[in-house]
Amino acid sequence: MATSMNMDKAYDAHKAEGKWYQYWLDQGVFDAEVNPTKKPYCIVIPPPNVTGVLHMGHALDETIQDLLIRWHRMRGFEALWLPGTDHAGIATQNVVEAMLGEEGLTRHDLGREKFVQRVWAVKEEHHSQITDQLQRLGVSVDWRRERFTLDEGLSRAVREAFVRLYEEGLIYRGERMINWCVRCGTSLSDLEVNHQQRQGHLWYIRYPAPDGGPGLVVATTRPETMLGDTAVAVHPDDERYGDMIGKTVILPLMEREIPVIADDYIDPEFGTGALKVTPAHDPNDLEIGQRHNLPSVVAIDRNGKMTSDTKQYAGLDRYQCRQQVVGDLQQQGLLEKIEDYEHTVGQCQRCDTVVEPLISTQWFVKMAPLAEEGLAAVRNGAVRFVPDRWTKVYEDWLENIQDWCISRQLWWGHPIPVWYCDDCGELTCTREDPTECTHCGSRDIKQDPDVLDTWFSSALWPFSTLGWPDQTPELQYFYPTSVLVTGYDIIYFWVARMIMMGMHLCGTEPFGEVFIHGLVRDERGQKMSKSRGNAVDPLELIDEYGTDAMRFGLTQLITHGQDLTYAPDRMVGARNFCNKLWNASRLVLMNVEGAEQVNLDKADLSLADRWILSRHNRMLAELNRQLSAYNSAQAADLLYDYVWGEFCDWYLEIAKLDLYGEDAERQATVQNILRHLLSDILRALHPFMPFITEEIWQRLAPEAGSIVRQSYPEADRRWYDEPAGADVSRLQSAIVAIRSLRADLRLPPDQKVAVTVTASRAEEADMLASQQDIISLLAGVESLQVRTAPAEPPANALTAVVSGAQVHLHLAGTIHPAQEIQRLRQDIADRESQRQRSQKKLDNEEFLTKAPAEVVAKERDRIEEVEQDIAKLQGQVQVLEAMIDDE
């Protein structure tokens, strides 16, 4: 039974949110079960880092997912949103090492076992923080099924995946050039390296000939690596160096001879056309070295220090060495010149340290066969990207994919399930920890000290969380999952790898659709970050505006795959919308309590009733269509415009005539319509604004239980009424015209006016005349005359033309003509000044040539708009002057 008892005048978001989230948990309304009688719908949450904090990207991601899950749950699906967190290897280890640093300790002071114990303790401390933050966002996840990428079940899945891929020859151990972070002390995959443009230098260094001749000059951005050079390469067709090929030059500072070789890779246009070759520290140089059987001299070690092979520079930091090398070259007269040069530098994604290319023995996944499966999944339609343009981005990467380095020199993560035998030198890779070498039986075996890349376990997330490798009921029912929601920045890191692993290990796609959204940027379009000082904390937004307002405001900003520009006014607008909904609901509830039930199919409906029921159902049809297409912003705007405009500003105001009237039958009909509309509105808004809708729902239909489990409203085409829509549109135009004329005259709201409406057709006149009560109420009219054209415009009246009619507002007794003329002339003068300012800009040739085209067009539009205003005001002055003449 509907009741407005204890409904505060203002909505208190913070009071409601904690109460209703606990209610949902207690009632188990988010729980999902294997239910063959219902169609499954499943989303696995992109697991946030367990030691992280929620940022605007999380808020956007979880808002979209919660919208989809709540919508499908209300549509009758068995909807599972599976939560979890990621152990986030490098990121979490860095956090804990920073904590130790504040204590004056390093991880090596603790040792591996105690350090890992410390990380687990930190994980437990932070876990409650991240889950509390997610709950404040209102996420309707099944917390009973929460997973962690290092929990027992997922660890077993990771091990099974590794061993299976190893047995198939898709995981191998090899020596290759890898990205090495000297700060984190681990290898990095190519995707974990950010490439940034930096202003640097080109150092031109002379490599003299052994006989004291000039030799040749090379240009390099990294003079410290010259200490590991083993050749100088030139293009075979470069005539400048034809006589040098096959000869040798002296490597400065190291005083050893190195050959001059010819290789097609060399760009004759870069620098001097002669390239120093350092196979141990550049991937391109390594390929040249392999083609020419060059030795490899390691000049920089894993700590970023110079090795003993660099002789007098051994032990120096790589950048200290650079300064020393440049100074020594200058002293020996071998530094020809230095040029400013902008180039791309690879940096560790986690700590921004410049990455060092090093040759290292690591574990790799052979990606080409997996990429074929990943491409097939998209090309055969098993996986669909929304929007579709991201399909090509995905395909381009897979078509050019490189093998994936999956080993990390960390202590926190999934251990690599490989043991090495000290006796026979063979390795053992098994699903269970071995006690002896499977090749020779020796018990002298040691496990690989490295751990797996975090993204390896993340790639298994959609199926490992549902019980794989076991064929659990959950895996069979909910997998493949329905959709993955994520930003475009991790298509390569995560999306592609999940598709490849799902196809290979499970034989089917991990999800049917991938909805790609953009990143949240600040008001100037810049990426949000703590270092820039422009990051917005979503929890602070919740504190200020409430969760529903933040969610709704974010939703309104979403575009398919495009970045979002955060706008505080959106949050203010969304909070105002919450207040509008609350006040409207309060008004409805106060007026429908105890109302007699009416069968609307048999009720005598007014024009306004027919119109609102038609508009309401057309809105629902479009709402569900937009949600089906992942157009959540358009869906939010549709609800906003309907609820605020048509329901609140129009029908609810019109309904007051019957709610407060004396016709009991009409009152009951309107009460039932309002209750029906409010029920639909609350259920339609619930996936967007869960808390306030539950708060109001519990007053509208407390006996029905939580709104979470109610049905989502669908359109009923029986209520579509085109004629009613057309009539009310004309009625609204007339009312808006009267309101506009009143605004022109600056009349106070309580001042009543006399109006004449001249309709173009008799049917139009009859319709408007039949709605006199509505016109009088909504436009402040005390005297309304409706007539049919042709008819002379009444004297002493302002006129507005609308579709199918002319509206005349009588001025006699309404205003003081002389005072009004004075005000209007001042308005005309102000607008004339605006017009002259804009015209002055357009007369300025410099403005026309330098200003952007849209700015110039804006000034032209402004002039046109102002001239229309002036013409309108002058017409009003003429009417008022005629009034004075008549007097």
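**Figure 1. Gln-197 and its bridge partner in strand β13.** In β13, Thr-344 is the bridge partner of Gln-197. The model shown in this and the following views is predicted. Strands β7 (residues 193–207) and β13 (residues 335–348) run antiparallel and are joined by 13 bridges.

**Figure 2. Pairing of strand β7 with strand β8.** Five bridges connect β7 with β8 (residues 216–220), and the pairing is antiparallel. Within this view, Trp-203 is found opposite Thr-220 of β8.

**Figure 3. Contact of helices α18 and α19.** The axes of α18 (residues 607–628) and α19 (residues 632–659) approach within 10 Å and cross at roughly 170°. Angles over 145 degrees count as roughly antiparallel, and the two helices, α18 and α19, are therefore roughly antiparallel to each other. The residues that form the contact of α18 with α19 comprise 14 nonpolar, three polar and four charged. On the α18 side, the contacting residues include Trp-611, Ile-612, Arg-615, Met-619 and Leu-623. Those contributed by α19 include Leu-638, Tyr-642, Glu-646, Phe-647 and Trp-650.

Figure 4. Arg-70 and Asp-66 form a salt bridge in which the closest N and O atoms are 2.7 Å apart. The two residues are four apart in α2 (residues 56–74), so about one helical turn separates Arg-70 from Asp-66. Residues with under 20% relative accessible area count as buried. Arg-70 is buried because its relative accessible area is 1%, and Asp-66 is likewise buried, at 0%.

Figure 5. The side chains of Arg-384 and Glu-513 meet in a salt bridge, with an N to O distance of 2.3 Å. Arg-384 belongs to β15 (residues 384–386) and Glu-513 to β23 (residues 511–517), so this pair ties together parts that are 129 residues apart in sequence. Arg-384 is partly exposed, its relative accessible area being 42%.

**Figure 6. The salt bridge of Arg-718 with Asp-716.** The closest N and O atoms of Arg-718 and Asp-716 are 2.7 Å apart in this salt bridge. Arg-718 counts as exposed, with 57% relative accessibility, whereas Asp-716 is partly exposed, with a relative accessible area of 23%.

**Figure 7. A network of salt bridges.** Side chains of opposite charge can pair when their charged atoms come close. Here, salt bridges link Asp-31, Glu-33, Asp-142, Arg-144, Arg-145 and Glu-474 in a network. The count for the model comes to 62 salt bridges.

How values were computed. Residues are numbered from 1 along each chain as its sequence is written. This is a predicted model: local features need pLDDT of at least 70, side-chain atom pairs count only at pLDDT 80 or more; totals for chains, interfaces and linings use all residues. Side-chain values use heavy atoms; hydrogens and water are left out. Axes are lines fitted to C-alpha atoms, for helices over the stretch in contact, and angles run from 0 to 180 degrees between N-to-C directions. Angles under 35 degrees count as roughly parallel, over 145 as roughly antiparallel, 65 to 115 as roughly perpendicular and the rest as oblique. Contact means heavy atoms within 4.5 Å. Ala, Val, Leu, Ile, Met, Phe, Trp, Tyr, Cys and Pro count as nonpolar, Asp, Glu, Lys and Arg as charged, and the others, Gly among them, as polar. Two strands pair if DSSP finds at least two bridges between them. A salt bridge is a side-chain nitrogen of Lys or Arg within 4 Å of a carboxyl oxygen of Asp or Glu. Buried means under 20% relative accessible area, exposed over 50%, partly exposed in between (1.4 Å probe, protein chains only).
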